[in-house]
Amino acid sequence: MRLTGDQKAVLANQALYSVYSSLTLSFMIPFALVLGATNTMIGVIHATQYLAIMLSQLPGEKLLERFGRKAVYLAFAPFSRLLWLGVIFVPLYAGVYVLPVAIAVFFLVNFFAYLVEPAYVSIVSDTVPEKERGRFFSKKLNVQTCVDTCFFLFA
């Protein structure tokens, strides 16, 4: 299977997302523990992430229909990454409410990150012909696994 330039860009995007995920999402629980989170709060953090994913899908689809997939992706994907600055600065400005504010900002990070998922899937489906999608997504998963494994081994 020869990859086009667009398909190589999708694979590079997946590699960069794996780096982003390894550097941010995997450190949220240790960060919360340093801030004094209890076992219940750790559970809430995990649930918050999946709640944000579920709640973002329908608005993401409506935005896709109204503004187009590229506009939605280019507007909200960088915004969700910038919200990590809010998580970083929460201990400096949130005072006694540091954990609830950190959880709320973490919810927003995930909400806006997955708000673009319908647009991203639509863009990728146009990039890869239907007959090659199985092989392509296998390559995409291999890229993600390789990057994740490297971070696991060297972190």
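This is a short walk through one predicted model, from the overall fold to a few side-chain contacts.

Start with the fold. The chain has 8 helices and 0 strands. Along the sequence, the pattern reads α-α-α-α-α-α-α-α. Taken along the principal axes, the C-alpha atoms fill a box of roughly 55 × 40 × 25 Å. The chain has 155 residues, and buried residues make up 34% of them.

Now helix H1, residues 5-23. How far apart are its end C-alpha atoms? They are 27 Å apart. At 1.5 Å a residue, the 19 residues should span 27 Å, so the two values agree. Several H1 residues are buried, including Val10, Leu11, Gln14, Ala15 and Tyr20. The buried set also takes in Gln7, Ser18 and Ser22.

On to the aromatics. The count comes to 8 aromatic pairs. One of them is Tyr17 with Tyr20. Centre to centre, these rings are 5.5 Å apart, with 50° between the planes, and the pair is tilted. Both residues are in H1, 3 residues apart, which means a separation of about one helical turn. Are the two tyrosines buried or exposed? Tyr17 is partly exposed, because its relative accessibility is 26%. Tyr20 has a relative accessible area of 15%, so Tyr20 is buried.

Next, Trp84 and Phe106. Their ring centres are 5.9 Å apart. The planes stand at 65°, over the 60 degree cut-off, so this pair is edge-to-face.

Ring pairs join Phe76, Phe79, Phe107, Phe111 and Phe112.

Back to Tyr20 for a moment. What sits over its ring? The charged end of Arg81 does, 4.3 Å from the ring centre.

Now charge against charge. How many salt bridges does a search of the whole structure find? It finds 1. The partners are Arg69 and Asp126, and their closest N and O atoms are 2.4 Å apart. Arg69 is in helix H4, residues 69-82, and Asp126 is in helix H7, residues 117-127, so the bridge ties together parts that are 57 residues apart in sequence. Look at the accessibility of each partner. Arg69 is partly exposed, because its relative accessible area is 27%. Asp126 is at 52%, so Asp126 counts as exposed.

One distance to set beside these contacts. Ala47 is in helix H3, residues 39-67. Its relative accessible area is 45%, so Ala47 is partly exposed. Ala47 and Phe76 are 29 residues apart in sequence. In space, they are 22 Å apart, C-alpha to C-alpha.

Last, the surface. Which residues make the nonpolar patch? They are Leu82, Leu85, Ile88, Phe89, Leu92 and Tyr93. The patch covers about 680 Å². Helix H5, residues 84-93, gives the most to the patch, with 5 residues. Leu92 is in H5. Its relative accessibility is 59%, so Leu92 counts as exposed.

Key. Residues numbered from 1 in each chain as written. Predicted model: local features only at pLDDT ≥ 70, side-chain atom pairs only at ≥ 80, totals over all residues. Heavy atoms only, no water. Patch = residues over 30% accessible without salt bridge, like charges linked within 9 Å, V, L, I, M, F, W, Y side chains within 5 Å. Areas by Shrake-Rupley, 256 points an atom, 1.4 Å probe, with all protein chains shown as cover. Salt bridge = Lys/Arg side-chain N within 4 Å of Asp/Glu carboxyl O. Helix = DSSP H or I, 4+ residues; strand = E, 2+ residues; numbered from the N terminus. Buried < 20%, exposed > 50% of the residue type's maximum accessible area, 1.4 Å probe, protein only. Expected span 1.5 Å × (residues − 1). Phe/Tyr/Trp six-rings, centres within 6.5 Å; stacked < 30°, edge-to-face > 60°. Lys NZ or Arg CZ within 6 Å of the ring centre and 35° of its normal.
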